[in-house]
Amino acid sequence: MSAIHTERRQPDARLATLARKDILRYLRHPAFLIGAALTVASCLFRPDEQFSSALQVIAPAAGLGLFGMIVMASLTRSSDAAAAAAGTVSTSQRTRTLALGCALVVPFAAGLVWFAWAVWAYNHWPAAPQGAPFGDISDTYMYATMFDLGVLAAVGGPVVGLVIGRWLPRRGAAPIAVVVMVLVTIVMQGIFEPLRYLRLVAPWTYFVGPFGTDGDGDRTLALTGSPYWYGAYLVALCTFGVLFAMLRDEEHSRHGLKRALAVVGLVAVVFCTLAITGGPQEVLVNPLPSGR
Amino acid sequence: MLRYAFRAVPWWRLAAATGLVLVLMEVVRRWPWTMWPLQGCAVGVVAAATLWCFDEPSADIVDVTPRPLAWRTAARASGVLLVALAWGATVLLARSSLFDHASDVALQGFAALLAAASFATWRRAGGTAVPARASAALVVVVAAFCGLVRPGFDLLPLFPYADGSGNAGDWATSRVLWASLAGVAVVGLMTALADVRWWRWGGSQM
């Protein structure tokens, strides 16, 4: 009875031990430390006058998210290298992937610290009336965008790194993925009018900003879509990413995982549709000219 | 030397990186006002591609062969030449969209290339087999961060744009920064290569 109990507990204990080690490895990784330092440095300057800290979401998204892609791809590679060097290991690749997934708590916590600063800065240096929020755009809406584009981006980047580490374990794959991610993000951030409505399928996009109108190139606009549903969509995407990374393990049955992936994928599609069709369905224009 | 370069340089990775630089700068050429952060990313990719040229996965074997590091560095520089040519060509093609600062943009890429070559050679001289393993990804993501977030752009205008007024960064300061980096990199490169020769001579005299 006791032996059975111990055997049943062993995988959990192994996962907990590995997770603790991976959390520490993430915390000590130079790329995380540099990214976190750059994010902190960006908080030392007074935020934009028209949008306050709401326009500073790019700092944690790049400093924790993009750097996180590199960190997680590197941790995954080194985890595999350690397993290969050890020969036959009792810990499966799936358990190691799950342990790496647990390390996501580090960028999430760092993102939350940034979010706390952003909320404080938003109230300490309120945005000018020419900026956002304005009209029907509430403070809660602004907080939701900050959470989505700051905290969830800080987690989303490392999830992409985990997927790359598992499915494309080639040198150069992670930095090239970083550049591709930047390219996709800029294209889908709402600058290009034909893409504005469907931009929410992308993992990072603006909701408010100085997108401009005819005659006032910096006029503040609030684009279509719901930041609340968009947040749910991003959480579903992150879950999908972790499950997809776990799917790489060919030694265990993948039926359950495939079923879970299908369900999470379907949920993500539903949330994405709700994000696109929810919230304001017309671009809102700040009645005040930008003055720039 | 050519045969060594053919086998030692990761040409496929270099081809992917130079292709990416071409794509990034072409996008910047088409939409300079909106896609300018990609110019910083392109500089980062140039530096990373240069770093990859100097990786020596078989250092344990190669480092004890009669060929000195200076010879191997010269052979591997053929890969760097490809990157430099690609960068020069893309800047030339995109010059009409670079806000009359094509020479400054070119300088950024060449300075990054020199700095990366200097760093990699210095690390190789110090015994590190694959200097790009830890640094190539980091340099790309740092360049992407600086291009996107532009932290402290008034003090450290790494990637200015437009006419450099307001919050666009100052081209003159940027020029000084990149030229200084290039100068330091050249000195570093010479020192690293010279170091190895002294070490070799010391070794042969023993």
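**Where chain A meets chain B**

In the contact between the two chains, chain A contributes 23 residues and chain B contributes 24 residues. On the chain A side, H2, H3 and helix H7 (173-187) each provide at least two of the residues that touch chain B. H7(A) gives the most, with 8 residues. Sorted by class, this side of chain A has 19 nonpolar, 3 polar and 1 charged residues. The model is a predicted one.

H2(A) packs against helix H8 (residues 132-149) of chain B, with the two axes 11 Å apart and at an angle of about 15°. Angles under 35 degrees count as roughly parallel, so H2(A) is roughly parallel to H8(B). The crossing of these two helices, H2(A) and H8(B), is right-handed. From H2(A), the residues that make the contact are A:Ala31, A:Ile34, A:Leu38 and A:Ser42; from H8(B), they are B:Leu138, B:Val141, B:Val142, B:Phe145 and B:Val149. Of the residues in this contact of H2(A) with H8(B), 8 are nonpolar, 1 is polar and none is charged.

Now consider chain A as a whole. Chain A has 9 helices and 3 strands. Along the sequence, their order is α-α-α-α-α-α-α-β-β-α-α-β. The C-alpha atoms of chain A fill a box of roughly 70 × 40 × 40 Å along the principal axes. For 292 residues, a compact globule would have a radius of gyration near 19 Å, and the 21 Å of chain A agrees with that. Buried residues account for 48% of the 292 residues in chain A. Among the contacts in chain A between residues at least 6 apart in sequence, 81% join residues at least 24 apart.

A:Ala54 lies in the loop between helix H2 (30-42) and helix H3 (58-86) of chain A. Is A:Ala54 buried or exposed? A residue counts as buried if 20 or more other C-beta atoms lie within 10 Å of its own. A:Ala54 has 28 other C-beta atoms within 10 Å, and is therefore buried.

Which residues does A:Ala54 touch, leaving out those up to four places away in sequence? They are A:Tyr122, A:Ala127, A:Ala132, A:Met142, A:Thr145, A:Met146 and A:Val208. As for A:His124, this residue is 70 residues from A:Ala54 along the chain, and the C-alpha atoms of the two are separated by 13 Å.

Key:
Residues are numbered from 1 along each chain as its sequence is written. Chains are lettered from A and ligands numbered from 1 in the order in which they are written. This is a predicted model: local features need pLDDT of at least 70, side-chain atom pairs count only at pLDDT 80 or more; totals for chains, interfaces and linings use all residues. Helices (H or I, at least four residues) and strands (E, at least two) are DSSP runs, numbered from the N terminus. A residue is buried if 20 or more other C-beta atoms lie within 10 Å of its own, exposed if 12 or fewer, and partly exposed in between; C-beta atoms are placed from the backbone. Two residues are in contact if their C-beta atoms, placed from the backbone, lie within 7 Å. Ala, Val, Leu, Ile, Met, Phe, Trp, Tyr, Cys and Pro count as nonpolar, Asp, Glu, Lys and Arg as charged, and the others, Gly among them, as polar. The radius of gyration is taken over C-alpha atoms; the globule rule is 2.2 Å times the number of residues to the power 0.38. Axes are lines fitted to C-alpha atoms, for helices over the stretch in contact, and angles run from 0 to 180 degrees between N-to-C directions. Angles under 35 degrees count as roughly parallel, over 145 as roughly antiparallel, 65 to 115 as roughly perpendicular and the rest as oblique. A crossing is left-handed if the near helix is turned anticlockwise from the far one by less than a right angle, and right-handed if clockwise.
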